[in-house]
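I opened my notebook for a look at this one. Here is what I looked up, in the order I got to it.

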Amino acid sequence: MKLNLLSCDAQRPDKRAIANCITEISTNGNASLSNELTEILLDGDPVDIEVADKNSGSALRALRKLDIDYEIVE
């Protein structure tokens, strides 16, 4: 499943927690790439990630917990 991460609405977003979440839920799971994607997301640009279908429910819950707005592309 593809997700488009739109924005983070948290008062004080936790960059480390967001990067770790992206690393865990993303199919490529690269920590360096996750840190870059976190910076892009917090700068206000949308980010596309691929999530394994078996992890989709827990991935969506984790994103909501971090106040990340997303849309499901596929």
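Which strands does helix α3 lie across, and at about what angle does it run to β3? I noted first that this is a predicted model. Helix α3, residues 56–65, lies across β1 and β3, and its direction is at about 145° to that of β3.

**Entry: the sheet.** I traced the strands next. I found an open sheet of 3 strands in the order β2-β1-β3, with antiparallel pairing. The edge strands, β2 (47–50) and β3 (68–72), each pair on one side only. On average, neighbouring strands here are turned by 35° against each other, direction ignored.

**Entry: one pairing up close.** I zoomed in on β1, residues 2–8, which pairs with β2 in the antiparallel sense over 4 bridges. There I saw K2 standing opposite E50 in β2.

**Entry: the faces of α3.** Which residues of α3 are buried? My list reads S56, A59, L60 and L63. I was glad to recall the general rule: an α-helix has 3.6 residues a turn, so residues three or four places apart point the same way. On the other side of α3, I found R61 and K65 exposed.

**Entry: what covers the buried side.** I looked up what lies over the buried residues of α3, and the cover includes β1, β3 and α1 (15–25).

**Entry: leaving the helix.** Last, I followed the chain past α3 to D67, which has a positive phi near 60°.

Conventions
Residues are numbered from 1 along each chain as its sequence is written. This is a predicted model: local features need pLDDT of at least 70, side-chain atom pairs count only at pLDDT 80 or more; totals for chains, interfaces and linings use all residues. Side-chain values use heavy atoms; hydrogens and water are left out. Two strands pair if DSSP finds at least two bridges between them. Helices (H or I, at least four residues) and strands (E, at least two) are DSSP runs, numbered from the N terminus. Axes are lines fitted to C-alpha atoms, for helices over the stretch in contact, and angles run from 0 to 180 degrees between N-to-C directions. Contact means heavy atoms within 4.5 Å. Buried means under 20% relative accessible area, exposed over 50%, partly exposed in between (1.4 Å probe, protein chains only).
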